[in-house]
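Open the model in your viewer.

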Amino acid sequence: MPMLEVEKVHVHYKLMEAVRAVSFRVNRGELVALIGSNGAGKSSTLKAIAGSVPMSSGAIRLDGEPIHGLGPEQRVQRGIALSPEGRRLFGRMSVLENLLVGAHTIKLDEPSLGIAPKVVAEIADAIRQLNAGGMSIVLVEQNARLALKLAHNAYALEHGEVVKSGKGAELLDDPSIRKAYLGV
Ligand SMILES: Nc1ncnc2c1ncn2[C@@H]1O[C@H](COP(=O)(O)OP(=O)(O)O)[C@@H](O)[C@H]1O
Ligand SMILES: [Mg+2]
């Protein structure tokens, strides 16, 4: 059974559909990356999982149990933690959160944006270590190359929809992903 299951989740902001039937799974101990351009719906997807924006339809299950009816605090109690403003990493991961609070100086929503390369490498190492220690993580990261290198599985979002998914290493080699997100 997947630890986290996101099934056909929709998020609307008034009439605007920001997330359209997004589905993905995170197995225990897995690191999953969501990649996509600005406005693709990555943050809205994470917020829907955390319960900080309402989902208009779909299902979110944790260890097989629906959690989409719960409030954000109850989801935190179940171990879902969306990092505070500025850090869109979540999982069972208070350590990383603290680490990123210290590593982050600017109010942007992806871990490496505006951070010196050396610090990015340190964050990447920390994410790797936490994941190796058994933490399940959904990573939203501006640097798609880094995200795909770290991720077991990854999902590319465009206009609120999953347009491609696969192993991180496979997407790193995928011509359309390389063209769209890796600048090659
Ligand atoms: N609070 C909001 N109110 C209205 N529209 C929003 C809000 N948050 C995000 N959007 C819109 O939803 C779409 C998806 O945004 P977002 O989930 O932040 O994408 P990403 O994180 O991939 O950049 C964008 O068109 C964005 O402008
Ligand atoms: Mg975002």
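Select ligand 1 and the residues around it: Y13, M16, A18, S37, N38, G39, A40, G41, K42, S43 and S44. A residue belongs here if one of its heavy atoms lies within 4 Å of the molecule. This is a predicted model, where local features need pLDDT of at least 70, side-chain atom pairs count only at pLDDT 80 or more, and totals for chains, interfaces and linings use all residues. Residues are numbered from 1 along each chain as its sequence is written, chains are lettered from A and ligands numbered from 1 in written order, and side-chain values use heavy atoms, without hydrogens or water.

Colour the shell by type. It divides into four nonpolar, six polar and one charged residue. Here Ala, Val, Leu, Ile, Met, Phe, Trp, Tyr, Cys and Pro count as nonpolar, Asp, Glu, Lys and Arg as charged, and the others, Gly among them, as polar.

Next, show distances to the oxygen atoms of ligand 1. A polar side-chain atom of S44 lies 2.5 Å from one. For G39, a backbone N or O atom is 2.7 Å from a ligand oxygen. The protein covers 60% of the 560 Å² of accessible area that ligand 1 has on its own (Shrake-Rupley method, 1.4 Å probe).

Now select α1 (42-50), which gives the most to this shell: three residues. Helices are DSSP runs of H or I, at least four residues, and strands are E runs of at least two, numbered from the N terminus.

Last stop: F24 and Y155. Both are buried, meaning under 20% relative accessible area (1.4 Å probe, protein chains only).

Note on methods:
A polar contact is a pair of N or O atoms within 3.5 Å; within protein, one must be able to donate a hydrogen and the other to accept it, and residues adjacent in sequence count only if both atoms are side-chain atoms. Buried means under 20% relative accessible area, exposed over 50%, partly exposed in between (1.4 Å probe, protein chains only).
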